[in-house]
Amino acid sequence: MISKKMADALNGQVNKEFYSSYLYLSMAAWSQAKNLKGFANWFSIQAQEELGHALKFFKYLEDQGATIRLQAIDAPTATFASPTAVFEATLKHEQFITESIHKLVDQAVAEKDHATQIMLQWFVTEQVEEEANAMDIVQKLKLVGDDPRGLFLVDRELAQRQSSAAE
Ligand code: FEO
């Protein structure tokens with residue numbers, strides 16, 4: 001059994017992960033409208049992964065017999081200034097999520113809640129990858145600048161992303 005304070009914090013993280021999914025779905029819609037089909041593919045898969053993250057927290061709360069309280073999901077941003085801006089927003093959001101996960105770890109450590117600490121380790125590792133992926137794409141887009149041929153190639157690369165059942 002976990003503390004009410006820990007359960008409340010994890011409930012908050014369920015909401016953040018659902019919001020992440022919503023945000024990336026919004027980015028997928030924006031990309032599709034700009035005919036950036038590779039971008040749209042990347043963001044759609046990202047949105048699915050975020051749902052998986054939300055459900056991992058949900059399942060953990062269930063397994064711990066904690067009270068689950070689903071909260072309203074905020075409307076995500078719908079417009080972005082450019083293809084680079086959409087990935088800069090992705091990186092910024094992932095940095096925010098990393099900070100949130102680290103706060104949860106700090107709380108679990110303070111409460112000597114070993115089970116929650118172990119559960120959160122997967123997310124600590126995952127966030128390193130999430131930030132690295134977003135940063136890599138931001139750097140490629142900055143390199144490409146305003147060159148439409150470069151953007152075409154990045155879009156083609158993003159079209160290669162496949163859904164991973166493990167996430
Ligand atoms: Fe669920 Fe992208 O962090």
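This is a predicted model: local features need pLDDT of at least 70, side-chain atom pairs count only at pLDDT 80 or more; totals for chains, interfaces and linings use all residues.
**Salt bridges**

Side chains of opposite charge can pair when their charged atoms come close.

| Salt bridge | N to O distance |
|---|---|
| E88 and K142 | 3.5 Å |
| K103 and E99 | 3.6 Å |
| E157 and K140 | 2.9 Å |

*E88 and K142.* The side chains of E88 and K142 meet at 3.5 Å, N to O. E88 is partly exposed, its relative accessible area being 35%. K142, in contrast, counts as exposed, because its relative accessibility of 54% is over 50%.

*K103 and E99.* In this pair, the closest N and O atoms are 3.6 Å apart. Both residues are in helix α3, and because they are 4 residues apart, about one helical turn separates them. K103 is exposed, with 53% relative accessible area. For E99 the corresponding value is 45%, and this residue is therefore classed as partly exposed.

*E157 and K140.* The side chains of E157 and K140 form a salt bridge with an N to O distance of 2.9 Å. This pair links distant parts of the chain: E157 lies in helix α5 (residues 148-158) and K140 in helix α4, 17 residues apart. With a relative accessible area of 42%, E157 is partly exposed. K140 is also partly exposed, at 27% relative accessibility. Beyond the pair itself, salt bridges that share partners join D136, K140 and E157 into one network.

S21 is located in helix α1, which spans residues 4-33. Its relative accessible area is 7%; S21 is therefore buried, since the value is under 20%. Leaving aside residues up to four places away in sequence, S21 touches A47, E50 and L51.

In helix α1, the residue described here is S21.

Definitions and conventions. Residues are numbered from 1 along each chain as its sequence is written. Side-chain values use heavy atoms; hydrogens and water are left out. Helices (H or I, at least four residues) and strands (E, at least two) are DSSP runs, numbered from the N terminus. Buried means under 20% relative accessible area, exposed over 50%, partly exposed in between (1.4 Å probe, protein chains only). Contact means heavy atoms within 4.5 Å. A salt bridge is a side-chain nitrogen of Lys or Arg within 4 Å of a carboxyl oxygen of Asp or Glu.
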